[in-house]
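Here is a model to work through by question and answer. Keep the sequence and coordinates open as you read.

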Amino acid sequence: MEFETIRGPGPYGAGKGIAARQALPADVSDTRIAAGRFVLRPVRAADAGLIAHYASDKRVAEATQNIPHPFPPGAAEAFVNRAMNHDRPGSVWVMDGSEHGLSELLGVISLKPMEVKAGRSGQSEVAYWVAPVFWNTGIASEAVRALVGANPLEDCTYFAEVFQDNPGSARVLTNAGFEYLGDAEAFSVARNAIVPTWTYIRKMVK
């Protein structure tokens, strides 16, 4: 299961046929990225409780493609285990504000390689979700801008996709330099429906 609020568009080859435990830059699993009022840090086992709490919120689930609602028992622990052990392509970070007087888990953001050589001048999907209590506070924008600025997988292109009834996420992307690419649609597990989407692209400066 992937936890995400925005996701790269499928027509560009997202993740299919890529072997698990794909080779990534050696230090990705230890990467900490400064992001204004918080840091992006690797996921740890203690995060499962807050991940389950926030992912169980119907508003979070319905803003994503893959989070189910109701949220099943054990799903957060399975997600944390995969993130910590890199059992799927990509890297996952927690938005941790504990060093600045905020919650130790504000949300989650990830990069998912889209090519066999992803992380080496490749392409990645950007995905994130933010806890509702921190919506409309700029947390998502800071997280995406920080990840784009760090470019930890050394990608040349990022893709992302948002549901058209979530214009706030679209603004997060355009504020981080993403450009509109076109309309599409994607299935939402929580809604059990196909939902119209907007897709975006960002070319990285090497």
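Student: How many helices and strands does the protein chain have?
Tutor: Keep in mind that this is a predicted model. From the N terminus, the elements run β-β-α-α-α-β-β-β-α-β-α-β-β. The secondary structure comes to 5 helices and 8 strands.

Student: What share of the residues in the protein chain is buried?
Tutor: Buried means under 20% relative accessible area. The protein chain has 206 residues, and the buried part makes up 56%.

Student: Among contacts between residues at least 6 apart in sequence, what share joins residues at least 24 apart?
Tutor: Contact here means heavy atoms within 4.5 Å. Of the contacts in the protein chain that span at least 6 places, the share joining residues at least 24 apart is 71%.

Student: Where on helix H3 do its buried residues lie?
Tutor: H3 covers residues 75–85, and its buried residues are Ala 75, Ala 76, Phe 79, Val 80, Arg 82 and Ala 83. Seen down the axis, they fall within an arc of 165°, so they line one face of the helix. An α-helix has 3.6 residues a turn, so residues three or four places apart point the same way. The buried residues of H3 thus lie on one face.

Student: Which residue just after H3 takes a positive phi?
Tutor: The angle is about 50°. The residue is His 86.

Student: Is Arg 41 buried or exposed?
Tutor: Arg 41 lies in strand E2. Its relative accessible area is 2%. Buried means under 20%, so Arg 41 counts as buried.

Student: How far apart in space are Arg 44 and Ala 83, C-alpha to C-alpha?
Tutor: Arg 44 is in the loop between strand E2 (38–42) and H1. At 37% relative accessible area, Arg 44 is partly exposed. Beyond its neighbours within four places in sequence, Arg 44 is in contact with Val 80, Met 84, Asp 96 and Glu 104. Arg 44 and Ala 83 are 39 residues apart in sequence, and their distance in space is 8.5 Å.

Student: Which element gives the most to the lining of the largest pocket?
Tutor: The largest pocket has a volume of about 490 Å³. Helix H2 (58–62), strand E5 (123–130), helix H4 (139–150) and helix H5 (167–175) each give two or more residues to the lining. With 5 residues, the top contributor is H5.

Student: Which residues lie nearest the centre of the largest pocket?
Tutor: The lining holds 23 residues. They divide into 11 nonpolar, 8 polar and 4 charged. Nearest the centre are Trp 135, Asn 136, Asn 166, Gly 168 and Ser 169.

Terms used. Residues numbered from 1 in each chain as written. Predicted model: local features only at pLDDT ≥ 70, side-chain atom pairs only at ≥ 80, totals over all residues. Heavy atoms only, no water. 1 Å grid on protein atoms, 1.4 Å probe; cavity = no way out; pocket = protein on both sides within 12 Å on 5 of 7 lines; lining within 4 Å. Points joined across faces, edges and corners; volume = space filled by probe spheres on them. Helix = DSSP H or I, 4+ residues; strand = E, 2+ residues; numbered from the N terminus. Nonpolar A, V, L, I, M, F, W, Y, C, P; charged D, E, K, R; others polar. Buried < 20%, exposed > 50% of the residue type's maximum accessible area, 1.4 Å probe, protein only. Arc of directions from axis to C-beta.
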